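Hello,

Here is the structure for your files. My notes follow below it.

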Amino acid sequence: MTVQHITPEGMPQPVPYHHVAVGTGTKHVHVSGQVARRADGSRVAPGDLAGQVAQALRNTATGLAGAGASFADVLRLTFYVTRWSPEKIDDLMTGVAAVADEIGLRLPMPPASLIGVEYLFEPDVLVEVEATAILD
């Protein structure tokens, strides 16, 4: 197994992600920040955080596949969310749950960070997702 996700006893539980990932392998895959755009650049789910999370994760899956990886190989995820507030967690997790089976993202997720930002590169972009994976 290249990546092992664990949540050791004594760490907060339950959470929607594992606290620890152990990666063994030699090929590292870094997927840059993915947003809610189709391959032709058209916008997906304007104003809808859950819809944008789902599309950003689909795009992340496509990037991983292009490198021969999948979410099973992901060591960690980072979510950047504009104008973050704790009330948005349900929308974010709804977007994750909506595509988890489709893209092979097991729940709980790999270790993940959620970083609130004021603004991303365009005003309609509500979320950006980055992934780091490791392969043998």
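Is threonine 60 buried or exposed? Threonine 60 is buried, at a relative accessible area of 0% (buried is under 20%, exposed over 50%, partly exposed in between, with a 1.4 Å probe and protein chains only).

On conventions: this is a predicted model, in which local features need pLDDT of at least 70 and side-chain atom pairs count only at pLDDT 80 or more, while totals for chains, interfaces and linings use all residues. Residues are numbered from 1 along each chain as its sequence is written, and side-chain values use heavy atoms, with hydrogens and water left out.

Threonine 60 sits in helix H1, residues 49-66 (helices are DSSP runs of H or I with at least four residues, strands runs of E with at least two, numbered from the N terminus). Beyond residues up to four places away in sequence, threonine 60 touches Val31, Gln34, Phe71, Val129 and Ala131 (contact means heavy atoms within 4.5 Å).

The largest nonpolar core has 29 residues (such a core is a set of buried Ala, Val, Leu, Ile, Met, Phe, Trp, Tyr and Cys residues joined through side-chain atoms within 4.5 Å). Val53, Leu57, Leu64, Phe71, Leu77, Phe79 and Leu105 have the most contacts inside it. Two or more residues each come from S3 (27-34), H1, S4 (74-82), H2 (89-103) and S6 (127-135); H1 gives the largest share, 7 residues.

Regards
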